[in-house]
Amino acid sequence: MAKRTRKPGPGKPSVPVAAAVAAQIPVPEPVEREFFFLPDAEPEPVEAEDLHELMKLWRHGRATRSLGQAISDGYVTVFTILMLGAMITSAVLSAQHGMADCTTGTCASSRLLLPTAVLLGCYAITLGLARLFGPVLVSAAEGSWLLDAPVDRRRLLSGRLVVPLLSAFLLPGLVTGLVAGLTGMDWPAVGIWTLAAAAGSSALVALAAAQQSAERTWLTTLLQNLAGAAALAVIGLVVAVAADKVPSTALSGVDAARWVFLGVAVAALAAGSFWLVLAVRRLNQLRRARLASGGALVSGMQGAMFALDFGLIRDILVERRAAAIGHVRPTRGRGLGLAALIWRDVERLRRNPKMFIGLAVSLFVPYAVDALRLSQLNPLISGLALVAALVPFLGGLRVLSRTGGLARGLPFKTSALRTASMAVPAGVALLWALAAVPAFVGVAGSGADRSLSDALIAALITAAAGLLGGVRWVTAKKVDFGMPMVATQNGAVPPALIFNLLRGIDMVALICAPLILGWSAYLSAVVIVVAFVGLRGSFNAEDLRAEAAAAQRDLDSAKAERTKTKIPPPRR
Amino acid sequence: MARRTPVLKVTALKKAFGPVVIIDGFNLDVAAGEAVALTGRNGAGKSTVLRCLVGADRPDSGTIQVEGLAVSETNPQIRRDVAAVIDDLDFFPDLSVVEHLDLLARAHGVPDPDHAVDEILHEVQLVAQSGQLPPTLSSGERRRLALATAFVRPRKLLILDEPEQRLDVEGVAWLAERLVAERNRGLAIVMASHEPTLVEKVATRVIRLGDRARVEAEA
């Protein structure tokens, strides 16, 4: 039965009839209440605007500062934004002038290809984010309180579509415009690429919203994959042109391309308007669970971001993907002891073949870097790319190291557990190294960077750096806010919070430094051995701290004992 | 009758969080075939004691020994002997229910892992969910899976923190029967519980922990 809220009338005391009949039982004085429930009454329609007004009123009631005060308090932020904005604009203008003078084929092709790659990348990222978060979402509180009310859900949610649409219009537009400006495009062309990126991205968000209401994802997934693949292909083309594998003159037609992208922008505006109307019409069909899950994801990721816990962010996404998959065909394990654990990692490769896409992309990096004649930096850049590619392969290690519960159930030393969990990713890294050897020889660039044996060593060191960087990233502990903090301009910060930003990167830099500086590769090998021993948990910092604390406690208690038993010297 | 050697021996256990002393001077001997239930109000220190017993938390002072070995979370012998279901159990998000149990049984070298897994899967009534991934399980099913992970492997000491949590009435009845059987087979059990029926059926000894944590006076 529906319930309603209504203020009681002056002549309607809310005393139950049964209480009035039982005269001998003292009847409590009726309490004046704001509302009460009448289970049998018809519900009255509630306007979404009224609820919004009410929420605004509550929020105003809790506000401690006016907008002006907030701005005046945040003058540093405003000043910084203005300063940075001016600097970026000045840099773009000067770069634009400089690059516009470059009339070589490479410059002309880069002018066309780089903004196009960024535009396509923006499309793929926008669609990915839109699918991930909703794009229409509500917070858990709103999902519980507002969506339960008998309101017109379309009117309530239509405002929620504005933020993703605006963000999708502004951010991709700004990024693409910035890159287009930096490549030296003329201003009308910059405008066209910016408009194509902005209109296209917001149109795709509108499409994602329409699909969200219909609970379909195949079209957005297909478009996201196509845009991502196209962006990678264009980046490949940029590298091929830079390596003189493709004649640059064939790709210098910005004038012709601008009409194509103008067409894209116009088509995106038209399609976006249609999809927006469709999305708004379907907003009523959106389920609360679908809306609130996006809000829960945002709040979870916000929490993780405050601690700069990128591992936790990935955990949230992995859990979400597993929940979406829901069910798998179970497979029988093999072997006993640690072999069973390693076999499960092998099974993971079969179960999650998407991991190999990232690995393939990371394999493209050493060849691209070599083609761009940056072979000296190749180990560092390729090692970092490999860290990102290997993290999904280290899923088992991540779970075993994030909480002790599961590891405690397995009868092995921590070092043995970690080593076993690294075995399959290490095999993958080894294959990557073998496939990357030609890039380290210099096949994509000059062809004479290193001898075959040196290239093999460089590739193996890079692969080890990528693997150990990945291991360091996934085994990151949560930030301990109980530890002594470091004073910064933004207040006290735990040191681990700062190091979280560098996790994985530091390992790659440390291992690859001897190669980059032209020192002996043996130094890298030594660093790899030391890092491996540390990362496999052969010594545990927490254990060492606890042992030190216990030793200190023993010392203190022994001192106290001595003080108690000390016989005072006789007084004369 | 000669007194049996304790499987678990706790001596003068003390644990404090800052100035709040949760437990102090706690002693406990648990022999094989004995089930000890820790009861007490919320905040009495039941979970803290159990976390110290499995090595998840380090006591401030005192000793904990399992089969004569000092408890350390990372000691493989302790990991082999102690099966625990406390609040920090995690699951692989990409392994199904049955694969978790299979992995644990094989990791512990159970001779016929398929049979052991099938048996426990039927017992905890997760056969229908055997292919499900953990994030899709209900809270009750997760609890059943957690209990199954403790029962599918060899163990000498079973440590359970409110094992009845989120189980339905039938589930609690099954758990009580199972724990009695485990106890009769010679397993040592330490559990914290708020369920009087479970405590009454399973426990051979009940320890009621203090109602309030003592606040250590600062000098």
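Helices, meaning DSSP runs of H or I at least four residues long, and strands, meaning DSSP runs of E at least two residues long, are numbered here from the N terminus. The structure before us is a predicted model, in which local features need pLDDT of at least 70 and side-chain atom pairs count only at pLDDT 80 or more, while totals for chains, interfaces and linings use all residues. Residues are numbered from 1 along each chain as its sequence is written, and chains are lettered from A and ligands numbered from 1 in the order in which they are written.

I begin with chain A. It has 23 helices and 4 strands. A residue is called buried if 20 or more other C-beta atoms lie within 10 Å of its own, exposed if 12 or fewer do, and partly exposed in between, with C-beta atoms placed from the backbone. By that rule, 35% of the 572 residues of chain A are buried. Two residues are in contact if their C-beta atoms, placed from the backbone, lie within 7 Å. Among the contacts in chain A with a separation of 6 or more, 78% join residues 24 or more positions apart.

Let us take one residue as an example. Trp193(A) belongs to helix H8 of chain A, which covers residues 187-214. Why does Trp193(A) count as buried? It does so because 29 C-beta neighbours lie inside 10 Å. Beyond the residues within four places in sequence, the contacts of Trp193(A) are Pro115(A), Leu119(A), Thr176(A), Gly177(A), Ala180(A) and Phe261(A). Of these, Thr176(A) is 17 residues away from Trp193(A) in sequence, and their C-alpha atoms are 6.8 Å apart.

The next topic is the nonpolar core. The term denotes a set of buried Ala, Val, Leu, Ile, Met, Phe, Trp, Tyr and Cys residues joined through C-beta atoms within 7 Å. In the largest such core, which has 186 residues, the members that touch the most others are Ala196(A), Leu390(A), Ile511(A), Leu53(B), Leu101(B) and Ile159(B). H8(A) gives this core its largest share, 17 residues. As general background, nonpolar side chains tend to be buried together in soluble globular proteins.

We now turn to the place where the chains meet. The contact takes 39 residues from chain A and 34 from chain B. On the side of chain B that touches chain A, helix H2 (76-81) and helix H3 (97-107) are the elements that give two or more residues. H3(B) supplies the largest share of that side, 7 residues. That side of chain B divides into 14 nonpolar, 10 polar and 10 charged residues. Here Ala, Val, Leu, Ile, Met, Phe, Trp, Tyr, Cys and Pro count as nonpolar, Asp, Glu, Lys and Arg as charged, and the others, Gly among them, as polar.

H3(B) deserves a further look. It is mostly covered, with 11 of its 11 residues buried. After H3(B) comes Gly109(B), with a positive phi near 70°.

Finally, I come to the strands of chain B. Two strands pair if DSSP finds at least two bridges between them. In which order do 5 strands form the open sheet of chain B? The order is S6-S7-S8-S3-S9, and the pairing is parallel. Strand S6 (82-85) and strand S9 (205-208) stand at the edges with a single partner strand each, so one side of each has no neighbour in the sheet. S6(B) is joined to S7(B) by 4 bridges, and Val82(B) has Leu157(B) as its bridge partner in S7(B). S7(B), residues 157-161, pairs in turn with S8(B), residues 188-192, over 5 bridges. Within S6(B), Val82(B) and Ala84(B) point one way and Ala83(B) and Val85(B) the other, and all are buried. In general, the side chains of a regular strand alternate between the two faces of the sheet.
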